[in-house]
Amino acid sequence: MAPTLNHPAGVTFVDDAHRSSSVHVDAATYYGGGEAFTRSRTYSHSHIHGYNPKRTPLFEEDTHMRARRMSHDEKSVTSPRRFLIDVEETIRVVLEQEDTDGDFQISITDAGPKMMALGTATSNGFKTFDIRGTYMLSNLLQELALARDHGRKRIVLDEGRLSENPVDRLSRMIKNSFWHSLTRRIDGDGLEIITADPKNRTGRVQPRIYVPHGEPAMAEYYRKVAREKPHMNLDVQVLPPKPDDAVFVKSLNSKPGLLALAMNEVDDGKGGRTLKGIPFIVPGARFNELYNWDSYFISLGLLVDGQVTMAKGMVDHFIFEIKHYGKILNGSRSYYLCRTQPPFLTDMALQIYNQLDRSDVESNRQWLKRAIQAAIKEYHTIWVAEPRIDPKTGLSRYRPDGLGIPPETEATHFTHILEPYAEKHGISVLEFSEKYNKGLLKEPALDEYFLHDRAVRESGHDTTYRFEKRCANLGTIDLQALLYKYEVDIGTAIREVFDDELALEEEFDLAPFPPSVEAYRNPYRECSTSRLQNSEEWFERADHRREMIDKYLWNENKKLYFDYDTVLEKQSLYESVTAFWALWAGCASEEQCWQLVSQSLKKFEVLGGLVSGTEESRGKISLDRPNRQWDYPYAWPPHQIMTWVGLERYGYLEDAQRLAYRFLYMMTTAFVDFNGVVPEKFDAVKLSHLVDAEYGNQGLDFKMVPREGFGWMNSAYQVGLSFLTMHMRRAVATCTSPEVLFGSVANLDNAVAKAALAATDPLGLAMESLNIAGVPA
């Protein structure tokens, strides 16, 4: 009989540690336990005192001696392969051997051997197995970084985490990791993270929070936080009753700060009550605050991932912003007080409402009521009120108030615009900027330029040649489609949920209807509380807007919607993919939809999905006329998602699936080839995240493991997967080109087709992109 083996207390063995856990659980679960060891015959040799394999995971000069792995190589049939790894030493070796460009990432542009031997757990590390290729090695680096995060010195790592299906891996990381890393909360526990503002270039980094007028308990709460955390040096300020006055907002430029958002009253654990911030998701990278239209697309991803409460909280913040700041803000910082962004509140609220827990129907109904009431206020006081509405046409415009130079932009962003004015006055650009912002120098032409620049930023499409020096005058197709959806959504909610009667509790002016110059010239306005809202008037507003869209924006000859210039009184013939937002909103006729799909879709469809506009509309690019990030050849998640949903709505599911596949193919290949990157946007023609545009790209600056991805790109992946068939999902997981999967380039125009056929070498495309971005290849 074999002698009994006595082991030290608390020791966990490999077999025990992996018996009940899944290979693909989140990192906290996978690495959250203690150290694991193997059952060796002599316990002293089980590496309990350190990892010291006979063969190091470094090849040095013997890479040429490694036989190529063949399909008939021996495979483990009894159990999945696991590796015994010293975390710090292996991180050092991987980076030293494979990270040849020194960016702490393993990508296809690195020139290492792309092969590393790891000791197997069942042999105590004495036998090794080769890990090969960019994807597995970058996954190894990511897993090591995650193990380090959880304080692990040695790990037993499943090969399955290195060879994991990339679609499953990315979707899992978004759901279990990225959303968590992008979560913020404005209260005593979350202030130190959320007050950090990468866009603050005043030189003053004192944390500051602005509390709206009429919230004394909130102001006192933050003053208490400031007293209890003196190291923060928190400055608490209370805003005036009208916080979006342009002169006042400009006065805050030298002392920017965070804007307070909605809070819940909770037990403080000491028998009393306190306030706690409602969590929300930020876009990521330099955008460390709550944003307007980003939040809508983020919420779609959250709903796919079952995070209904998080999405609901973001609507609560928007209701709070409309109540206290007069609008859903571009972002929750003081320099955004004058402007909003594309309106999505009604669809966002209705989608969340449909997924709320059905156990408390009345509570859900009251929540939706608050959201619809807020949307009605925003609609009347912002979108169909002057100066945003053009009374003559009835079209709404992006036309925010504001004075001076937008302070949140990069320091040199407007230098080329300001230089001629500085030379005219014989002073430096910096001195001119200061005097212009203070109103000491008057330049009407520059005022006009910044009116349009602020409008571009309010549109969310900052920047594009589509809007250059004219945005504030344009009734855009995207804004009209969104407001049509508002009108339909509000009417539908009133009819279906509120028994066709809705009382408004806040007092504000109702905009005249139907819109006309005479009606808006009349100073009389009906008060919001004077009568009940009903569905009929909202459907009438929607019908009227659809008629105006057809009259001013639809171009029968070109089979496309165009923006309408309300000053020049003609269409602006820039071809924008936002024309397809009319399908999302449902304001296009079946015939218009057919013409859009059959005649115009091919103008925007490229290898990686839909570009923002056509190359012809953008015009030639030169040193004096550089790329703009919302023009060709760039692709953004909002445009993809809106078009997918719109096409599906009108019955063109196969087209939606094809476009979704293209975009997810581009995302997946970047994820596989570039260490798990999930960026803000892509060059959809070159299938590259290394873009040559004025703001560069966001979501690229991470070491070893991606932590956040980027808000709406995360959502695009989760939403996009819901459009794919199982066959498509398997194909995108193997990075099968769309032109291989769909069998032709018939859906693309000639120039794009040629580019698609040439795009067979991912490394070549990556190196070309590196050269374009000014990085030595």
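**Figure 1. Overview of the predicted model.** The protein, a predicted model, contains 29 helices and 26 strands. Of its 777 residues, 59% are buried.

**Figure 2. The open sheet of three strands, in the order S9-S8-S10.** The pairing in this open sheet is parallel, and its edge strands are S9 and S10 (258-259), each of which pairs on one side only. Strand S8 (residues 208-211) is joined to strand S9 (residues 235-238) by four bridges, the two strands running parallel, while two bridges join S8 to S10, again with a parallel run. Strands of a sheet pair through backbone hydrogen bonds, either parallel or antiparallel.

Figure 3. Helix H8 (residues 216-228) lies across S8 and S9, and its direction makes an angle of about 165° with S9.

**Figure 4. Packing of helix H24 against helix H25.** Two packed helices are described by the angle between their axes and the distance between the axes. For H24 (residues 653-673) and H25 (residues 711-721) the angle is about 130° and the axes are 10 Å apart, which makes H24 oblique to H25. H24 passes H25 in a left-handed crossing. On the H24 side the contact is made by Ala660, Phe663, Leu664, Met667 and Thr668, and on the H25 side by Met713, Ala716, Tyr717, Gly720 and Leu721. The residues of this contact divide into eight nonpolar, two polar and no charged.

**Figure 5. Packing of helix H6 against helix H25.** Helix H6 (residues 166-181) packs with H25 at an angle of about 130°, the axes being 10 Å apart, and the two helices are therefore oblique to each other. Their crossing is left-handed. H6 contributes Pro166, Val167, Leu170, Ser171, Ile174, Lys175, Phe178 and Trp179 to the contact, and H25 contributes Gly711, Asn714, Ser715, Tyr717, Gln718 and Leu721. The residues of the contact of H6 with H25 divide into eight nonpolar, five polar and one charged. Tyr717 and Leu721 of H25 take part in the contact with H6, and Tyr717 and Leu721 are also among the H25 residues that make the contact with H24.

Figure 6. Gln698 is found in the loop that lies between S26 (682-683) and H25. Its relative accessibility is 12%, so Gln698 counts as buried, the cut-off for that class being under 20% relative accessible area. When residues up to four places away in sequence are not counted, Gln698 touches Ala285, Arg286, Phe287, Pro679, Glu680 and Phe710.

Notes
Residues numbered from 1 in each chain as written. Predicted model: local features only at pLDDT ≥ 70, side-chain atom pairs only at ≥ 80, totals over all residues. Heavy atoms only, no water. Axes fitted to C-alpha atoms, helices over the stretch in contact; angles between N-to-C directions. Parallel < 35°, antiparallel > 145°, perpendicular 65-115°, else oblique. Left-handed = near helix turned anticlockwise from the far one by under 90°. Contact = heavy atoms within 4.5 Å. Nonpolar A, V, L, I, M, F, W, Y, C, P; charged D, E, K, R; others polar. Buried < 20%, exposed > 50% of the residue type's maximum accessible area, 1.4 Å probe, protein only. Pairing = 2+ DSSP bridges.
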